[in-house]
Amino acid sequence: EEETLYGSENRTWAQYSDLPGELVNAFVAGEDKRFFDHNGVDFRRTFSAFVNFFIPISRSYGGGSTITQQLIKNNSTEDDVKIQRKIQEMLRAWNLESKKSKEEILELYLNIIFIGGNDINGVALGSIYYFDKDVKDLSIAECAYLAGINHSPNNYNPYKGLETTPAKISKRTITVLSQMKKVKCEHI
């Protein structure tokens, strides 16, 4: 059952049970491959991102944040790039994971993330905006698209204009599909 919420942000809420397994798989594969195996902090990824910050080896390490940490950051007004904020974020992620199930965390995350467009937040509203369909009816490719644009929603928005090319969008979607094939979440 979906609920439309209004306020400072535009969003439609979708229950975890209404989210296709492929959508969950796409976001886990694209954002946090070990989501179901850690307690809010992926130390391997955090360490790799830390080392890569000082000795740039790869562009693929990202910021080291897990889905839980991203949820904490998205619900916080703190946006500085200080180590103190990162440590607080990690502690909050551990705390949240001790109180909420992985499914509850994913439901929150997938309903609050910015999806692009003119203040489109959450995958339910994103599926309507991009595909004119309910989130539960998304195809695997559409799930991969939504997870892919999460990387940079306004850069992958097909309605934005000429600076966003279909080739760029297709390449990102194919990348997520490839990651989904490698990860294959058994928890969904």
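**Exercise 1. Decide whether Asp132 is buried or exposed in this predicted model, and say where Asp132 is found.**

Step 1. Start with the cut-off: a residue is called exposed when its relative accessible area is over 50%.

Step 2. Asp132 comes out at 66% relative accessibility, so Asp132 counts as exposed.

Step 3. Now place it in the chain. Asp132 belongs to the loop that links α6 (123-131) and α7.

Step 4. Take a look at the backbone too. Phi of Asp132 is near 55°, a positive value, and this residue is not a glycine.

**Exercise 2. Work out whether Ser127 is buried or exposed, and list what Ser127 is in contact with beyond its neighbours within four places in sequence.**

Step 1. Ser127 sits in helix α6.

Step 2. Its relative accessibility is 0%, so Ser127 counts as buried.

Step 3. Skip the neighbours within four places in sequence, and the contacts of Ser127 are Asp132, Lys133, Asp134, Val135, Leu138 and Leu146. Asp132 from the previous exercise is one of them.

**Exercise 3. Sort out which residues of α8 are buried and which on the other side are exposed, then find what covers the buried ones.**

Step 1. α8 runs over residues 166-183, which makes 18 residues. From first C-alpha to last it reaches 26 Å, close to the 26 Å expected at 1.5 Å a residue.

Step 2. Pick out the buried residues of α8: Ile169, Arg172, Thr173, Val176, Gln179 and Met180.

Step 3. Ask how they are arranged. These residues span an arc of only 120° around the axis, so they lie on the same side of α8.

Step 4. Turn to the other side of α8, where Ala167, Lys171, Ile174, Lys181 and Lys182 are exposed.

Step 5. Finally, the cover. The buried residues of α8 are covered by elements including α1 (21-31) and α7 (140-149).

**Exercise 4. Find which residues make the nonpolar surface patch of about 300 Å², and classify Ile87 by its accessibility.**

Step 1. The patch is built from Ile83, Ile87 and Leu91.

Step 2. Ile87 is part of helix α4, residues 83-99.

Step 3. With 45% relative accessibility, Ile87 falls between the 20% and 50% cut-offs, so Ile87 counts as partly exposed.

**Exercise 5. Say whether Asn121 is buried or exposed, and how many Å separate its C-alpha from that of Trp13.**

Step 1. Asn121 lies in strand β4, residues 120-121.

Step 2. Its relative accessible area is 3%, so Asn121 is buried.

Step 3. Asn121 and Trp13 are 108 residues apart along the chain, yet their C-alpha atoms are separated by 9.4 Å.

Methods:
Residues are numbered from 1 along each chain as its sequence is written. This is a predicted model: local features need pLDDT of at least 70, side-chain atom pairs count only at pLDDT 80 or more; totals for chains, interfaces and linings use all residues. Side-chain values use heavy atoms; hydrogens and water are left out. Helices (H or I, at least four residues) and strands (E, at least two) are DSSP runs, numbered from the N terminus. The expected span of a helix is 1.5 Å times one less than its number of residues. Buried means under 20% relative accessible area, exposed over 50%, partly exposed in between (1.4 Å probe, protein chains only). The arc is that of the directions from the helix axis to the C-beta atoms. Contact means heavy atoms within 4.5 Å. Patches are made of residues with over 30% relative accessible area and no salt bridge: like charges are joined within 9 Å, nonpolar side chains (Val, Leu, Ile, Met, Phe, Trp, Tyr) within 5 Å. Accessible areas come from the Shrake-Rupley method with a 1.4 Å probe; for residues, only the protein chains shown count as cover. A salt bridge is a side-chain nitrogen of Lys or Arg within 4 Å of a carboxyl oxygen of Asp or Glu.
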